[in-house]
Amino acid sequence: MSHQHDVVIIGGGNAGVSLAARLSRYGVKNIGLIEPKDHHLYQPLFSHIAGGRAAVKEATRSQASVMPRVVAWIKDHAVDVDTTANMVMLASGSTVGYQHLVVCPGLQYRWDSVPGLAEAVHSPYGASHYEFELAPKAWSLLSSIRSGTVVFTMPSGPVKCGGASQKPMYLACDYWREQGVLDKIRVVMVQPYPTVFGIPEVDRELERKIAEYGIELRTNSELVAVDAASRQATIRNNVTNTTEELGYDVLNAVPPQSAPEWLRATDLPAPGGQDGFVHVDTETLRHVRHSNVWSLGDAAATTNSKAGGALRKQTKVLAKNLVAARQGKPPAMKYDGYSVCPFTVSRTTVVFAEFDDHYRPMPTIPKVPTWKESRVSWWVDRIMFPQVYWHMILKGRA
């Protein structure tokens with residue numbers, strides 16, 4: 001069985017659905033979207049679930065309920081792309097032909113790249129809020145501990161919203177303080193970069209909260225092995241190349257991430273490139289070598305921090321440029337590198353980081369210091385953003 005569409009989109013996450021909705025609003029009719037999963041997830045709420053500030057049901061909808069009505073849902077896995085024949089190959093053996101292709105399958109989690117990590121997060125003492133199924137477990141572990149050592153880790157390399165690795169930690173610390181047990185819990189944060197985030201204004205605000213909670217911050221460090229049976233985490237300092245054995249009572253780990261394996265094997269990444277991300281012009285989001293191929297979101301080789309806030313800007317740029325290309329016009333819209341990361345630094349406050357692809361502050365409202373801890377920012381992140389996502393972004397209206 002084969003399909004043929006004017007525009008084919010690989011991936012039915014935030015990028016794929018919101019782009020399909022926007023393209024349909026711009027008059028594109030024959031759109032096919034390849035997505036095998038039955039459920040659509042809003043990942044920014046995973047941190048709140050792991051921190052006891054959101055219910056599981058708030059972060060999920062059926063995939064059918066979020067798909068634009070005019071889009072043909074191809075419920076299958078993409079496994080290859082033939083750019084010469086303008087064809088996508090599917091796991092079922094079917095093919096999908098296209099005039100224009102948009103590649104946005106997201107990232108894959110590489111649990112196997114850290115020995116013992118997969119076993120550890122599925123053990124009684126480990127979890128990861130990057131997995132929907134493990135986020136409630138994280139809160140169960142964090143809310144029940146009254147003394148001991150809790151370790152939070154972030155990997156080096158590409159990662160979905162890197163700042164999200166820290167959010168459950170602050171939520172848990174604030175909860176433990178409310179419960180009167182914070183001083184009995186050793187909290188360690190393993191961060192692979194030289195500072196806690198990378199923007200001086202944001203770093204200062206986060207460092208203030210880290211000091212307030214008594215968190216031990218390990219910079220330039222990452223998790224390189226775990227022994228789930230003995231509850232021992234091996235932490236390597238990448239500057240001194242030394243390791244530390246750290247015993248834990250609870251481990252919340254973010255997995256290393258990469259472009260999907262099948263994507264690496266296509267001719268969509270840069271020639272000779274090892275990372276597997278789609279080789280696009282970082283402003284127009286059009287492929288550098290294949291003029292009818294586009295990419296956005298986590299799988300695109302753009303220079304911005306990978307996050308939903310970046311994606312919202314990219315979707316509008318790509319949709320308008322693709323429509324222009326279909327009309328024989330050059331792409332005129334440019335993505336400016338914007339991204340955003342809200343840090344939930346307590347159970348009622350957020351530090352809001354808005355920045356460009358060089359980690360320079362890029363506030364939506366000029367001269368407003370959104371990096372300051374704020375209750376208003378918490379309301380925006382926790383209450384407003386999920387509603388905007390389900391009712392506007394996925395419908396191509398924001």
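Me: In which loop is Tyr 359 found?

Reply: The model is a predicted one, in which local features need pLDDT of at least 70 and side-chain atom pairs count only at pLDDT 80 or more, while totals for chains, interfaces and linings use all residues. Residues are numbered from 1 along each chain as its sequence is written, and side-chain values use heavy atoms, with hydrogens and water left out. Helices (H or I, at least four residues) and strands (E, at least two) are DSSP runs numbered from the N terminus. On that basis, Tyr 359 belongs to the loop between S21 and H10.

Me: Is Tyr 359 buried, partly exposed or exposed?

Reply: Buried stands for under 20% relative accessible area and exposed for over 50%, with partly exposed in between, using a 1.4 Å probe and protein chains only. Tyr 359 has a relative accessibility of 31%, so the residue counts as partly exposed.

Me: What is the phi of Tyr 359, and what is that of Leu 285?

Reply: Neither residue is a glycine, yet the phi is positive in Tyr 359, at about 60 degrees. Leu 285 lies in the loop between helix H8 (261-264) and strand S19 (293-295), and is buried with a relative accessible area of 0%. Its phi is also positive, at about 70 degrees.

Me: Which residues form one aromatic cluster with Tyr 359?

Reply: Rings of Phe, Tyr and Trp (its six-membered ring) pair if their centres lie within 6.5 Å, and planes under 30 degrees apart count as stacked, over 60 as edge-to-face and the rest as tilted. A search of the whole structure gives 13 aromatic pairs. The cluster that holds Tyr 359 also holds Phe 197, Phe 343 and Phe 355.

Me: How are the rings of Phe 46 and Phe 132 placed, and how many residues apart in sequence are the parts that they tie together?

Reply: Their ring centres are 5.4 Å apart and their planes stand at 40 degrees, so this pair is tilted. Phe 46 is in helix H2 (residues 44-50), whereas Phe 132 is in the loop between strand S10 (126-127) and helix H5 (135-144). Both Phe 46 and Phe 132 are buried.

Me: Which elements does the pair of Phe 352 and Phe 385 tie together?

Reply: This aromatic pair is tilted, with 6.0 Å from centre to centre and 45 degrees between the planes. Phe 352 is buried at a relative accessible area of 9%, whereas Phe 385 is partly exposed at 26%. Since the two residues are 33 apart in sequence, the pair ties together strand S21 (residues 350-355) and helix H10 (residues 375-391).

Me: From which element does the largest share of the lining of the second largest cavity come?

Reply: On a 1 Å grid over the protein atoms alone, a cavity is a set of points where a 1.4 Å probe fits but cannot get out, a pocket is an open set with protein on both sides within 12 Å along at least five of seven lines, and lining residues have an atom within 4 Å of a point. The second largest cavity holds about 40 Å³ of space, a volume being the space filled by probe spheres set on the points, which are joined across faces, edges and corners. Its lining includes Phe 352, Ala 353 and Glu 354. The largest share, three residues, comes from S21.

Me: Which residues lie nearest the centre of the second largest pocket?

Reply: About 420 Å³ of space lies in this pocket, and 28 residues line it. Those nearest its centre are Gly 157, Val 159, Tyr 193, Ser 305 and Tyr 359.

Me: Which side chain does Thr 349 join in a polar contact?

Reply: Thr 349 is in the loop between strand S20 (339-344) and S21, and at 9% relative accessibility this residue counts as buried. A polar contact is a pair of N or O atoms within 3.5 Å; within protein, one must be able to donate a hydrogen and the other to accept it, and residues adjacent in sequence count only if both atoms are side-chain atoms. At 2.7 Å, the side chain joined to that of Thr 349 is the one of Glu 373.
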